[in-house]
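I opened the model today to look up confidence, domains and the chain contact. My entries are below.

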Amino acid sequence: MPVLDLMSGFIAELRSAGLPVSLTENLDAMEAVKVIPIEDRDAFKYALGATLVKNNAHWRVFETIFEVYFSLRGPEYEITREAQPDDFWREMQDQIDQVRGQGEGKGSGGGMDSLTPEEIAAMLMRALMSGDQAMMRALAKQSVQRFAGMEPGRPVGGTYYLYRTLRNLDLDNMLQKLMDANREMSNHKLSALEERLEKDEFQSRIEQFKLEVESEIRRRLVADRGAEAMAKTLRKPLPEDVEFMHASRDEMQSLKKALYPLTRKLAARLARKRRHGRKGPLDFRNTVRHSLSYGGVPADPKFRYPRPAKPELMVVADISGSVAAFARFTLMFVYAIQNQFSKVRSFVFIDGIDEVTKFFKSTEDVGEAVNRVNTEADVVWVDGHSDYGHAFEVFFERHGKDINSKTTVLLLGDARNNYHAAQSWVVKELRKRARHVYWLNPEPKSYWNTGDSIVAEYGAHTDGVYECRNLRQLESFVSTLA
Amino acid sequence: MHGVTARVKRVKPRFKDVASVRAGLKKEKYLADDGIAGVVYLADRLGKPVLIEGPAGTGKTQLAKSVAEMTGARLIRLQCYEGLDESKALYEWNYKKQLLRIQADNNSDTWSEVHDDIFSDEFLLTRPLLEAITSEEPVVLLVDEVDRVEVETEALLLEILSDYQVSIPELGTITARQIPLVFLTSNNTRELSEALKRRCLYLHVDYPDLEREKEIILIKVPDISENLADQIARIVRSIRQLDLKKSPSVSETLDWARTLMLLGIDTIDETEARETLHILLKYQTDIAKAAKELSVSK
């Protein structure tokens, strides 16, 4: 396929994944491709990255798409056997023989295909132990071929195959095994520090191996079904588009990383908004005073700048299973920009409710505070199933008097009330006293008011119900708030 | 880029290929990875500025300095701050001198002569950006911490970044004699405008991986043993994996390595690590957390 066609397909895919690629950037990329040979994959990748990706959070998405479109082409990516130097194969044969032990006599050749699963596991452990990159790559190929059970044309995503492969390799226990083996091998007792360092080293090697497996699976899928079809199924959402309620552990990690720069930028923007462009009525007294220096001519009119009070915020969050992640992110988000509010108080509930403001006061580390909220807050009243009605009632009883015309109340949750009594009069009462009451719902709009969700009943009494499924939506909501 | 090459005389490429950039930087004691070397090479070939982002202390500014040294060019630096304006960044009229000129012979010249005269090169004070494009000798322009200026001021940079020219109302447009290599650094405290990003190549410089960090220590700290460098790099990697307020930067790693050298330590044990942690980490909560994590293996 000519490079030009490949590039336009590639850029179209970047755009549909959500990366903002402008026309000039597209042209720059074309220009860059002219001076960098396509054979040098790494340089080629960085050249495209430098011209097309202008935000580091988008890099991973870019990398995946790049791999699908470019890395998998060309003769060096033959699936069956690749052009490895001969001595590599010889060495591998040696290792295979060693793993099999001398009892069976001579290794019969035939490369890796003849290995039993146990032998593969043993070889993997050796490779991880010594950090042998080439061997790890070869083993990744082998294990995908053997364990993933891929069938041509079967419309299953890569995650399924990844799961099957990794399950067979039992990587979870691998770390422990590696540590044990390492302890045996070293002749003196390792100090805690040394152990920790070894563990991190092994951990990173295992991660690397997982990446190899993942990319091998992608390679096979693309070979089977073609780049265009695969790019679509492999598409990963940008961190700000990941849904809170369905984020995987990796995605959670990238969400957390994306959260802080986002809050910092938001805080800067809000502070600027507060400073900028507010001009009040003429300050007569000030103008006259300044006119004295111009001989009584009011040449320099002065204005009164309004200083809008910062809102007081009360966050009331459901932290039961399904929506816990959402509550956690919202709390982190709100506390990260708490200097934009005059006061932040937070409450969490399941069927009982507890104030958790003190956790955030005692530490500067918001992440730790949120962890404490999840473990220490007293939120179970009867059975530990969400009961919005009871929680709201208790909230109103205890803290209703603290709500005044400066307070903004944020209610977070999916309003799945397990068919308990709604007690929506509380929300109505809150709205009477507070400046604003908002409801943030992490569920997609189409799910609202289905099953036991009664968000409309509560929502009727608030100033607005907002869908808040990802960081982007959360950020845009919070920026209207402060 | 076609536009640029048409208007500004193109000097011959500075670098042969990516590998030569890498080797050249290494000679200046800057260890570049594939990405960094590749983008520097591209910047030269395409005649585009490079926007470097990344955490503090990962060698963003140093890259510009090293490239200047490598190519034997003069480094012109514009340090950005809130409130930077065009009289500090671009040019300013030397109005005292203009005043003197008018007073010196205020009856001999006609008005139009004086007018033409006082708005000429002689009365122009060049500031870093204008200086960079009018310079005869090769230059590297470094616009440091561009995220500190206000969004409105960013626009000042746009003309020079895309067309390598500066328009002065009284004089006309001044075009670059040669295309300088331009580096902009940003600590990412705010989102830069799309217009600025679009005109630049983007390079994200992150903390180096284990091997590269070790090499950096070996090259930057004289007489350090391979073993110690390895240990330092590994401890720093472990610390960076923790959830800290501020992860240790490369420069802090180097400070730590130098401290350990001064103390005459050649293998780090727990107590020494704990006692010198304050060089790597600058927040008390971070220090406490790291000390706890490093001594208790899970």
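The notes start with the ground rules and then go through the chains.

**Ground rules.** I am working with a predicted model, where local features need pLDDT of at least 70, side-chain atom pairs count only at pLDDT 80 or more, and totals for chains, interfaces and linings use all residues. Residues are numbered from 1 along each chain as its sequence is written, while chains are lettered from A and ligands numbered from 1 in the order in which they are written.

**Confidence, chain A.** I checked pLDDT, the predictor's confidence in each residue, from 0 to 100. Chain A has a mean of 78, with 85% of its residues at 70 or more. Residues 74-83 of chain A stay under 50. So do residues 102-110 of chain A.

**Domains, chain B.** I found domain 1 (2-83 + 127-204), domain 2 (91-126) and domain 3 (210-295) in chain B. The bounds come from an automatic or database domain assignment. The centres of domains 1 and 3 of chain B, taken over C-alpha atoms, are 32 Å apart. Their contact takes 8 residues from domain 1 and 10 residues from domain 3. I count two residues as in contact if their C-beta atoms, placed from the backbone, lie within 7 Å.

**Chain A against chain B.** I list 33 residues from chain A and 34 residues from chain B in this contact. Which helix gives the largest share of the chain A side? It is α10(A), with 8 residues. Helices here are DSSP runs (H or I, at least four residues), numbered from the N terminus.

Technical notes
Helices (H or I, at least four residues) and strands (E, at least two) are DSSP runs, numbered from the N terminus.
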